Each structure stands twice: as C-alpha cells, then as structure tokens.
Amino acid sequence: LHRGVELDLRYRPMRALTIKAFTSIGDWKFNSISQSELYDENKELLASEDKLDLTGIKVGSAAQTQFGIGARYDITKSLDVYMDFNYYDRFYGNSSAFSTNEAIELPSYGLVDLGVGYKIFLSNGQVLAIRANLYNVLDNEYISYSRNNTAPDADSANNYEKNGTEVNKSNSVAWGLGRTWNLSAKYYFGG
C-alpha cells in the first residue's frame, strides 16, 4: 500500500533567479500475502514460498521522506550557476523474498550539488551548451541500498552508526558515491 504526498514548487522572484523546492512524504508498506520463487542463472527453481505474509513491512529501496531546495541564477544570457540540497530520511533496506523480518531503517543523509553552464549561441540559430556539475560536494558517506535486513547487533562494535541510526555490518549494503563530477556538451540544432 503506497500512500503519500508530493509537492514540487518553483518560484522566480526575479528574471535571473529560479528557486525550487520539493518534498515527498510517504507511508509505503506491504499489505498482502505473497508468493516468492527463487531461480538460478539457468532458470531452475531453487526455492518457493507460497504464503509469505508481508503485511505491515516497510517497502525498501526508496526514502519515504525526501525534501530538497535549490536555486539557479542566470548571471548572463550565456552563463548560469546552480546549487541543490536534497535530504533523504525514513529509508529502509530491501526485504528478502523469503523473509518476513521487519525492514531495517538506514541512516538519513543529505547531499549538496553544484553546477555551472555556458551556452554559445551560433550564427545559424544553433546552440552549443557546456555544463560542469559537482555532485555530493561535501563528500558525505551514506548507504544507498541494503539487500537484506539484519537488525542492529546488541554490541555496537558490530554496527555502522550514522546520524543516530545503527546498521548491522553483516548486511549487504551499497555505499553511495562520494564526490563526483561530470562535464557535458549538448548541441542544439536550430528551431
């Protein structure tokens, strides 16, 4: 059962400045009994579970609370800069196809991104747009995914702790990317 509210706002207090904000607040839980099957790479059935009651277990792999704010400023007709901050909370591990364990809550995290763009207006009405972006500017360490849901251990030495949330180190997790960047170019044909 997926319930929630999403809001996406944009405001231009002046021609050159765009401020944007968004929020997504959800309450996503399974509400049924499911059937699960596990196959190997040769499509041979390895295991099957006919009546797995997942009722009330949180849906994993997406933050159930998200919000962000950002701004873009057009310095000139050709040059713009932007900055975004996005925050993710109430983020749960992925439930196993054969387990009714409660999904573990992963640590919340926030990311800051920056970018600059430059457009070259060509005489034939075409445009060459060049953009440089820097993602996760503060190089925050965060868990972006958990494949399983082993509860935090009583001995905190066996857990990873971030922002007051502990995650058992035996979980198979994917760490989010550190600071990254990209450089792109787009060519717009007339119009």
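The exercises below, each with a worked solution, concern a predicted model. Residues are numbered from 1 along each chain as its sequence is written, and side-chain values use heavy atoms, without hydrogens and water. Local features need pLDDT of at least 70, side-chain atom pairs count only at pLDDT 80 or more, and totals for chains, interfaces and linings use all residues.

**Exercise 1. Follow glutamine 66 from its strand to its contacts.**

Step 1. Glutamine 66 sits in strand E5.

Step 2. Its side chain reaches the backbone oxygen of alanine 63 at 3.2 Å.

Step 3. Leaving aside neighbours within four places in sequence, glutamine 66 is in contact with Phe22, Thr23, Ser24, Tyr87 and Tyr88.

**Exercise 2. Which side chain joins that of aspartate 74 in a polar contact?**

Step 1. Aspartate 74 is in strand E5, residues 65-74. With 24% relative accessibility, aspartate 74 counts as partly exposed.

Step 2. The side chain is that of arginine 72, at 3.1 Å. A polar contact is a pair of N or O atoms within 3.5 Å; within protein, one must be able to donate a hydrogen and the other to accept it, and residues adjacent in sequence count only if both atoms are side-chain atoms.

Step 3. Beyond neighbours within four places in sequence, aspartate 74 contacts Arg15, Ala16, Leu79 and Asp80.

**Exercise 3. Is serine 146 buried or exposed, and what does it touch?**

Step 1. Serine 146 is found in strand E11, residues 143-146.

Step 2. Serine 146 is buried, because its relative accessible area is 1%.

Step 3. Not counting residues up to four places away in sequence, serine 146 touches Gly93, Asn94, Ile104, Leu106, Asn171, Ser172 and Val173.

Step 4. The backbone oxygen of asparagine 148 is 2.7 Å from a polar atom of the serine 146 side chain.

**Exercise 4. How many residues are in the largest nonpolar core?**

Step 1. A nonpolar core is a set of buried Ala, Val, Leu, Ile, Met, Phe, Trp, Tyr and Cys residues joined through side-chain atoms within 4.5 Å.

Step 2. The largest has 11 residues, among them Ile104, Leu106, Tyr109, Leu111 and Tyr142.

Step 3. Tyrosine 142 is in contact with Tyr109 and Leu111, and its contacts beyond four places in sequence also include Trp175 and Leu177.

Step 4. A second, separate core of five residues includes Leu52, Leu54, Ile57 and Ala103.

How values were computed
Helices (H or I, at least four residues) and strands (E, at least two) are DSSP runs, numbered from the N terminus. Buried means under 20% relative accessible area, exposed over 50%, partly exposed in between (1.4 Å probe, protein chains only). Contact means heavy atoms within 4.5 Å.
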